Each structure stands twice: as structure tokens, then as C-alpha cells.
Amino acid sequence: MIEFLAPLDRKLARDLWAIKGQALAIAVVIGCGVGMYLMSKGMLASLADTRAAYYERYRFADVWVPVKRAPSAQLAHITELPGVRRAETRIRAGVILDVEGASAPITGEIQSLPFIRGPHINDFVLRRGRYPDPVREEEVLALEAFADAHNLAPGDHLYAILNGTKKKLTISGIALSPEYVYAISPGEIVPDKKRFGVLWMNRDALANAFDLDGAFNEVVLLTSTGDNQEPLLEQLDRLLKRYGATGAYGRDQQISDQFLTNEIQELETLGRLLPPIFLLVAAFLLNVVIGRLVDTEREQIGLLKAFGYSNSAVALHYLKMIGVITFLGIVVGVALGLWLGHGLARLYMDYFKFPFLLFRAPPEVYLVGIGFCLLVSAAGTFTAVRKVVRLDPAVAMVPPPPPDYSRSGRWLEMLTRWIDQPSRMILRHLYRWPKRAAMSCIGIAMSMGLLIGASFSMDAVMVMVDISFNVIDRQDVTVNFVEPRNIRAVQDVLHAPGAMTAEPFRAIPVVLRNGPRTRREAVIGLAPQPELSRVVDTDLNPVVLPDYGIVLSDKLAELLAIETGDTLRMEVRTGRRPEVDVVVSGIVKTYMGTAAFMDLAEMNRMLRDDMVISGTYLLIDPEQADAFYRALKNTPVVAGVSLQEQAQNAFYDTLQDSLGTFVFFNTLFAGLIAIGVVYNSARISLSERGRELASLRVLGLTRGEVSYILLGELAVLTLLALPLGALLGYLLAWTLVQSFDTELFRIPLIINPSTYGHAALVVLFSAAASGLLVHRRIQRLDLIAVLKTRE
Amino acid sequence: MEPENLPAIRAEGLTKTYGSGESTVHALRGVSLSVPRGEMVVLLGPSGSGKSTLLNILGGLDSPTSGRVFFDHDELTAFDDRHLTQFRREFVGFVFQFYNLIPSLTARENVALVTEIARNPMTPEQALELVGLGKRMDHFPAQLSGGEQQRVAIARAIAKQPRVLLCDEPTGALDSKTGIVVLEAIARVNRELGTTTMVITHNAAIARMADRILSMADGEIQRTETNPAPCAPAELSW
Ligand SMILES: Nc1ncnc2c1ncn2[C@@H]1O[C@H](COP(=O)(O)OP(=O)(O)OP(=O)(O)O)[C@@H](O)[C@H]1O
Ligand SMILES: [Mg+2]
């Protein structure tokens with residue numbers, strides 16, 4: 001096939017074949033960059049599009065207004081408010097569920113079904129079975145993730161404690177809902193399909209159970225206000241104040257959507273941060289390989305020009321070579337991106353319950369990715385191609401003098417006086433070409449940095465979880481009562497078998513205002529020196545809650561732009577609904593969500609309540625956990641429980657699945673970069689110095705000794721790259737920590753020594769692997785062929 | 001045979017072919033020769049006649065397709081690669097047309113490269129002194145002229161006190177004046193150290209300094225002449 005090509009193209013084909021390993025290494029690095037970009041941007045677009053389509057089609061609400069109890073007639077007033085497109089009332093309550101085979105009680109939510117079927121706000125997608133029969137009180141729809149986790153099918157039964165009464169329910173159908181794309185129980189950090197259930201029930205039946213006949217406890221709205229929702233929220237709050245409105249909120253505070261938004265943000269960050277690193281390395285590799293190829297082919301270039309090939313014809317020859325490599329990289333990248341994207345979509349389907357989620361990167365993502373790639377190639381090879389164009393044939397044809405090593409510094413001479421010749425060759429070579437050495441070093445360091453940046457998140461999240469579960473929230477169980485109760489209720493709970501220690505808390509819905517900044521928040525009232533659910537300062541030392549004012553978590557303080565000692569307007573949205581000014585008496589550390597704390601006694605004083613609590617934290621005897629759970633499931637006053645251990649396990653599982661996969665691929669990619677850089681450097685050195693090495697072999701140096709000269713240099717560069725890589729990794733981790741700082745999560749900047757060690761090992765291993773590849777080439781070095789030709 | 005009478009190098013029926021089928025090239029077609037100890041041998045012949053091939057095989061750089069090479073009592077052709085390397089390291093000095101110095105090492109260090117691994121070397125200074133470069137020892141190749149570089153290459157080749165010195169067109173890249181200086185260095189080594197020396201050249205004039213002249217053509221040794229009265233390189237001219 002090669003015979004049909006013009007001579008110059010034949011040279012191209014043979015040259016490419018000769019550097020196929022290097023070309024492939026570069027293509028793979030380009031491919032990793034493009035693939036990462038396609039994956040993250042494509043997934044971002046797919047997720048955003050799917051979310052938009054799903055929300056649109058099933059009319060995901062814009063605003064939620066929970067109240068205590070409002071007469072149905074209020075709906076008319078709500079509908080009249082400006083900016084309201086549509087409003088619907090419903091009943092929504094927390095329930096404790098009990099499923100055959102599950103020992104621990106399950107926290108859940110139950111919602112009323114609209115009276116009439118048809119398009120509604122927050123419509124659900126019926127996946128299997130049928131809608132509950134309007135006259136059958138016990139029939140319910142169940143959320144698909146929950147039903148699947150417990151192997152529940154239409155026709156199966158489960159129990160629910162509805163307002164203190166245990167009821168046997170029958171599942172008639174399985175559904176999805178835009179409200180529960182990320183089905184997570186309030187206060188948890190990762191979804192646990194088994195431990196959070198959602199049911200939909202006929203409205204009459206539910207109204208009966210919760211004593212809400214002719215009334216509702218939540219309004220959901222579609223609005224036309226766009227981003228400027230605040231005035232409408234204020235109006236809704238005012239209108240429904242009498243009915244115990246705890247605070248209207250928009251999508252930004254809807255928990256499922258919050259998590260989705262968070263995920264989209266993370267994808268955005270990854271797409272912004274990681275692909276450029278790969279492409280930078282690719283540009284660097286192209287620069288090195290093509291640059292040095294041009295250097296070694298200097299005489300040939302001069303010759304071609306002397307024969308009458310134009311500058312552009314010769315330049316085109318090299319551009320074609322760059323083009324082929326880049327094209328290969330793009331092909332690898334698109335294939336990799338599609339593969340990773342589909343994999344990620346499958347992974348997401350486990351967490352985000354959309355009716356469908358297809359990975360489909362929009363054309364502009366491909367265009368931008370490929371455009372970047374071309375840009376990077378152009379940037380990487382610009383100087384080399386310019387050199388080709390500028391090379392004067394007369395100059396190029398004069399054989400270059402041997403490279404001048406006489407400029408070695410005095411200190412180097414002092415240093416090398418005592419070492420053997422091969423080592424001296426290594427050091428002089430490094431000293432003679434400091435820019436090359438630095439470039440290779442930086443390339444290797446980048447791969448190590450990438451490794452650290454990718455895997456540190458695992459360390460950091462582990463620490464975050466450890467702090468959250470073992471330093472801050474040390475209780476085994478959190479019990480929420482249906483209604484606020486007197487503190488004596490703690491004693492009742494302690495009577496349950498296995499309950500060991502209890503600490504009361506009270507949570508009240510409030511709106512916090514600092515000037516124009518407003519936050520809807522739950523303030524937790526705690527005993528001054530809690531032992532179970534604790535409050536810790538930024539150094540993780542337990543804090544004694546001051547008996548005045550309010551203590552804010554660091555993120556909340558940041559969001560409200562407030563500092564210790566400042567005053568905050570607090571509007572309580574329960575009981576007598578006092579509105580008071582409170583002093584910020586402290587700022588504490590949390591890694592998950594936002595939080596505000598008060599002294600429990602002070603809170604009750606403020607609300608002019610006796611010692612009222614809304615739940616209790618508990619330590620239980622693990623031996624008697626089952627008995628305790630059984631008792632809890634039959635306790636009418638309990639509205640919800642959360643179990644620390646299960647939550648922690650769910651978290652670790654999720655971590656392994658999602659972050660583990662992420663870390664795995666990044667390790668793979670970073671290893672590829674390391675191989676790409678080391679292998680390329682070694683190959684280029686080999687081709688430049690083949691003659692030198694062959695001479696040494698002729699002189700009687702063994703293959704091992706000759707390999708040492710070439711690979712020793714790489715070893716030095718690799719070792720030098722390790723500390724630099726550690727630094728780059730730290731910087732990357734720092735950047736990631738900054739950009740992952742969201743309302744939902746903050747991760748601490750903690751990098752375990754083992755992460756540095758692991759990254760160093762991967763780099764060393766990759767370097768060793770490429771060293772071995774090159775060593776094998778040195779083994780096969782054809783002495784005679786090299787010596788016969790002059791350069 | 002007594003060691004004194006044993007030839008330094010002996011070859012029997014060497015052939016070397018490249019490729020196969022129609023495109024087979026016969027570089028050597030049955031070469032037998034024996035080089036007595038301490039002799040200076042010049043190898044003449046047209047381009048492509050197989051001179052370099054022969055020299056590389058005798059020096060253990062290459063192996064023949066068939067035939068045997070003896071070095072003293074050892075059969076080179078029976079050595080594996082490791083032994084060949086060892087052999088080159090101890091017994092053979094090579095000098096090529098292109099000097100093949102290591103650019104990152106000074107003249108002295110280029111020589112030391114070999115003396116460090118040889119069993120019974122002279123010092124790099126002695127070797128460089130021998131080729132008349134005592135004053136340029138700390139210069140890098142880039143700071144030396146072609147002739148000087150070639151003399152460093154000779155110093156490097158003889159510093160280990162090799163049994164044989166094999167030179168492939170050592171003056172090929174040099175003008176006649178410089179060439180003679182280089183040849184003088186080679187002759188001096190041959191004379192003073194008694195190193196068996198083979199020199200390939202295209203230049204028949206150089207043959208006058210040899211004890212023995214082998215003429216090759218088409219992969220065979222056509223003629224062997226002995227020269228009872230070799231002349232000193234300084235008397236040569238071309
Ligand atoms: N690697 C090879 N593959 C194929 N043929 C080869 C190879 N090396 C040498 N030859 C052929 O072997 C023959 C002898 O080559 P050799 O290099 O020994 O010649 P030479 O006498 O040294 O010539 P010159 O004086 O030009 O250096 C030539 O015809 C050459 O084409
Ligand atoms: Mg030759």
C-alpha cells in the first residue's frame with residue numbers, strides 16, 4: 001500500500017511506524033483528556049437535560065409551602081397571588097414503615113394522591129401495577145427504589161404507623177417521582193434505598209388518619225416568577241402564617257434537587273479541572289517528541305529544501321504527522337468518552353432515579369473537545385514547525401558539531417569528581433539539557449499530582465465521615481416524635497429494651513435574616529454539654545453551648561455573611577412564632593449541610609414553652625438492638641428514626657461505588673500519563689543517543705551498563721519529580737476542596753501519607769515499566785548499523 | 001603449537017549473507033586468514049567488498065553465517081553475546097571512521113570509560129600521551145579537531161592494552177596531513193605495545209606501512225602480500 005504514496009508520504013508512514021509506541025502514548029494521553037472532557041461535559045448535559053425534561057413533563061413544583069393544618073378553601077387565595085401559575089394542596093407526613101424481613105424501623109414519607117387523576121404538580125411515573133382504587137383505603141403506591149430494595153411488588157403488604165396507628169397497607173403500584181430523584185431521608189447524606197420509603201395514598205384515607213379532613217398540610221406551586229421568588233415566598237408565608245406555615249421554599253432547598261444540583265456542580269468542576277491537565281501533558285509530549293524529531297532530522301529537512309521542496313511542503317510533512325497523532329488521540333478520546341459516559345450513566349441510574357437517563361453528549365461538546373485538542377496540538381508543536389520553516393538548508397546540511405558539554409558548571413565538576421564515567425555522563429547530560437530535564441520532570445510530576453488530586457478525596461471523605469459520625473454525632477439512634485413533647489418523654493424512650501443513654505433535643509423551623517440574606521433553617525436546641533450529638537469547633541474540640549444567643553455552623557455563617565458577636569433576626573415558624581434578634585454566640589465546624597444550635601433551656605424560654613423537646617438521641621445496647629427496634633416500631637409517638645450505623649454503612653458503600661470508580665480511573669489515567677512521559681523521554685533519548693550507546697557497547701560495556709546510562713537519567717528525573725508531584729497534588733487537592741465547598745458538603749484538605757506513597761508507587765511503577773520497554777530496545781540495538789551511518 | 005607461533009587471529013571459511021531468496025547479499029563468500037601476532041595488516045578493497053563485515057566479525061561485533069573464528073585458543077564463533085561483550089572489553093580495540101566519542105565526556109574521561117572496566121589498562125594519561133594529546137586531556141570532543149578526536153578514539157581503543165586493534169577507515173574523514181598524524185599514532189601503538197593491528201583503508205598508499213596487505217574483492221580475499229620493509233607513516237604521502 002505504501003508504494004502508492006508520494007515519497008514524502010512514504011517517509012511519513014515509515015517515520016510514524018518507527019515512533020508508533022510514542023505516537024500511541026501521546027494519542028492515549030490526548031484521548032484521556034478528550035475522554036474525560038466528553039464524559040464530564042456529556043454527562044453534565046445529559047443530566048441537566050434529563051432533569052429539565054423530567055421536571056417539565058411531570059411538573060416538578062417550583063415552591064413548597066408546608067403548614068400545620070389549613071382549610072382547603074385557602075387554596076383559592078393562594079392561586080390569586082401574583083406569580084402563581086398553579087397550586088395544589090396535599091397531605092404529606094413522616095411515617096415509620098415496617099417491612100417483612102427488616103428488623104430496624106424504616107423512615108418514610110407518605111403523600112396524598114390527588115382526588116382526580118390527570119396532570120398534576122409533582123406527577124409520578126407509574127412503573128408497574130395500577131393506581132390505588134379510590135375506594136380502597138389500604139392501597140398505596142410505593143417508590144420504586146424502596147420497593148425494589150425490599151423486593152416488594154404490587155399485591156405485597158407492608159405496615160405503616162400513621163399518626164400513631166399501625167396500619168397494614170397493600171401495594172397496588174410502583175412509581176417514580178420527580179420529588180425523589182435522589183431519594184434521601186431528611187438529615188441523611190447518602191440515599192439508602194432500603195431505609196427510606198415513600199408511599200402515596202388516597203387523600204381521604206390519609207386525611208382520616210391525620211385528622212386533616214377538608215384541610216391540607218402542604219401546598220405545592222408552579223410559578224412564573226423565575227429567579228425572583230423571594231417576594232412570593234414572603235407573601236405565601238404571610239398568607240399561611242395563621243395555619244402554622246414553617247416557611248415556603250423553592251427548588252434550591254428541595255433536598256432531591258439540591259443533591260442533583262450538587263452533582264451537576266461536581267461534574268462541572270471535574271470537567272473544568274481534569275481534562276486541561278491531560279491536554280497540557282499531551283501538548284508537552286507533542287512538543288518534546290516533534291521538537292526533538294525535527295532536531296534529529298535537521299539534515300534531512302535541509303536536504304529536502306535543497307532539492308527544491310518548498311517550506312510549506314516540508315512543514316506540511318510534519319503537520320501531517322502531528323495531525324495523524326492528534327486524530328488518533330481524538331478517536332481514542334471519543335471512544336473512551338462514550339464508554340465512560342455510558343458507564344457513568346449506569347452508575348448514576350443507581351442513585352438518581354429518573355425514568356430514563358441516557359448518556360448523550362450534545363454536538364457542541366464534541367466540537368469543543370476536538371477543538372481544544374487541535375488547539376493543544378497546535379500549541380504543542382508550534383515551535384517545532386516554525387523551526388522547520390525557518391531552517392536554512394545551507395546551515396542544516398553542515399553536520400552539527402558534537403554537542404558541547406564544556407559549559408558544565410564548576411560545582412558539577414566538583415560533585416562528579418568521585419563518580420564513575422557512566423554516572424558522570426548522566427549528570428552532564430542533565431546539566432547540558434536543563435530545559436528538557438525540567439520538562440520531563442514536570443510531566444512526571446503532573447501525573448503524580450493528578451493521582452494525589454484524584455485519590456485524596458477518598459482520604460478526605462473518610463475523615464469527614466469519621467468526624468461526622470464519631471466526633472460530632474455519636475448517637476446510635478435519633479428518634480423524632482410526631483409532636484413536640486415534654487422532656488419526660490425521654491424517660492418513656494429509655495424504658496424500651498436496650499436503650500442505654502438518652503439526650504433530648506428540640507428542632508424548630510426558623511427563618512434567619514441578616515440584612516438581605518435569608519436562610520430557612522432548623523435550629524437545634526441541645527443540652528449545654530451534650531455527650532452524644534455534639535457541637536465541635538474548627539479544631540474539632542467539643543464546644544460548651546453558651547446559654548445565650550445562637551451558634552452557627554461555619555458554612556451557615558458564611559452564607560449569612562455574619563460573624564460571632566453580630567446580631568441576627570430570627571423568625572420562629574412554630575408555636576407562638578416569636579420574631580427576635582439573637583446574638584451569634586459562636587461558630588462551629590460541620591462538614592455536611594448547615595446547622596444552627598441553641599441551648600435547649602434558652603430555646604424553650606424564648607418560645608415561652610415548658611421543657612419541650614422534639615426528639616432524643618440514644619445510645620443502645622447492640623445486643624438488644626432488635627428488641628429495641630421492635631419496641632420502637634410499635635411506639636405511636638415516634639415519627640421517624642435514623643440509625644447511625646446504617647447511615648455510615650450506606651455512606652461507605654456509596655463511597656466505594658462512586659468515588660472508588662472515580663479514583664480507579666484516575667489512577668489508570670495518571671499511570672498512563674506517567675508511562676507516556678517516561679517512555680517518550682526514554683525513546684527520544686535512545687534515538688538521539690543511539691550512536692553513543694552503540695559506541696559504548698563496542699567498547700565492551702555490557703547491555704546493563706549501557707541501559708544504566710539512559711535509564712539512570714530517567715530514574716534521576718523520576719526521583720526529582722516525586723517531591724514536585726507531591727506539591728502539585730497538594731495544589732490540585734486544594735483547588736478541588738475549594739470548588740467542592742457547597743451547602744451540602746465540605747471536604748477537609750487532608751492527604752494521608754499513604755496517598756502520597758501510593759501515588760509515588762504508581763509513578764515509579766509506570767517509570768519502571770517504560771524503562772523496561774526501552775531497556776528491551778537497548779538490548780536489540782544494532783551496533784553495526786548505527787556505526788555505519790553518520791548521524 | 002607454542003603460543004609464540006600461534007596466530008593472534010585465525011578464521012576458517014567465513015561466510016556472511018544478508019537476506020534470503022532472490023535478494024540475498026553475499027557479503028563474505030568463504031574467507032580464511034590468519035594474522036600473526038604483532039603484525040600490522042592493511043585490508044584493501046573496493047567499496048562493498050566485505051572489509052567492514054570481516055573486521056566486525058573478527059572483533060566480535062558481528063557473527064558470521066558460517067565458518068569459525070579463533071582468537072588464541074578460544075573459538076569466538078562459539079561465544080554467546082555475553083562472552084562476546086566480555087571479549088571485546090578485554091582484548092579488542094576499535095577505531096571507526098566516525099570517531100564515536102562520547103560528547104559528554106572529556107578526552108581523558110572518554111579514555112577512562114574503558115580503563116575503568118579493563119583488566120590491565122594503562123592510565124588515560126599514558127594513552128593520550130601515546131597519541132600525542134597529553135595537552136588536550138580535559139577538552140570535550142566539541143573542543144577538538146577531527147584529527148584530535150580520532151586520536152582520542154585511538155587512545156581509547158589502546159588504553160586497555162588490547163591484543164588486537166581494529167581500525168575501519170581511521171583516516172577516511174581526515175586530510176592527508178592529519179591522516180598521517182593518526183596513522184603515526186596507530187603505528188606507534190603497534191610497534192611499542194606489540195598490538196596486532198588491522199587497518200581498513202581505500203587508500204593504497206597507506207598499505208606501504210603494513211607488514212601484510214590483504215586485498216579483498218566481492219567477499220573474498222583475492223591476494224595476500226607481505227611487505228618485508230614497511231615504511232614509517234611520515235614517509236607516506238597521498
Ligand atoms: N545489514 C545489511 N543488510 C544487507 N546487506 C548488507 C548489510 N550490511 C552490509 N551489507 C552488504 O554486504 C556487503 C559488504 O558490506 P561491507 O560493509 O562489509 O563493505 P565494505 O567493504 O566495508 O565497503 P566500504 O568500503 O564501502 O565500507 C555490501 O554489498 C553491503 O551491501
Ligand atoms: Mg566499510
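This is a predicted model: local features need pLDDT of at least 70, side-chain atom pairs count only at pLDDT 80 or more; totals for chains, interfaces and linings use all residues.
**The site around ligand 1**

Let's start with the ligand. Its site is shared between chains, because residues from both chains A and B surround ligand 1. The shell counts 14 residues, and those that come nearest are Ser47(B), Gly48(B), Lys51(B), Ser52(B) and Thr53(B).

Helix H1(B) gives the most, with three residues.

| Residue | Atom of the residue | Distance to an oxygen atom of ligand 1 |
|---|---|---|
| Gly48(B) | backbone N or O | 2.8 Å |
| Lys51(B) | polar side-chain atom | 2.7 Å |
| Thr53(B) | polar side-chain atom | 2.4 Å |

Taken alone, ligand 1 exposes 630 Å², and the protein buries 66% of that area.

**Asn202(A)**

Now let's turn to chain A. Asn202(A) lies in strand S9, which spans residues 196-202. Is this residue buried or exposed? With a relative accessible area of 10%, Asn202(A) falls under the 20% cut-off and therefore counts as buried.

Which residues does Asn202(A) touch, leaving aside its neighbours within four places in sequence? Asn202(A) is in contact with Leu113(A), and also with Pro132(A), Asp133(A), Pro134(A), Arg136(A) and Glu139(A).

Notes
Residues are numbered from 1 along each chain as its sequence is written. Chains are lettered from A and ligands numbered from 1 in the order in which they are written. Side-chain values use heavy atoms; hydrogens and water are left out. Helices (H or I, at least four residues) and strands (E, at least two) are DSSP runs, numbered from the N terminus. Buried means under 20% relative accessible area, exposed over 50%, partly exposed in between (1.4 Å probe, protein chains only). Contact means heavy atoms within 4.5 Å. A residue is near a molecule or strand if one of its heavy atoms lies within 4 Å of it. A polar contact is a pair of N or O atoms within 3.5 Å; within protein, one must be able to donate a hydrogen and the other to accept it, and residues adjacent in sequence count only if both atoms are side-chain atoms. Accessible areas come from the Shrake-Rupley method with a 1.4 Å probe; for residues, only the protein chains shown count as cover.
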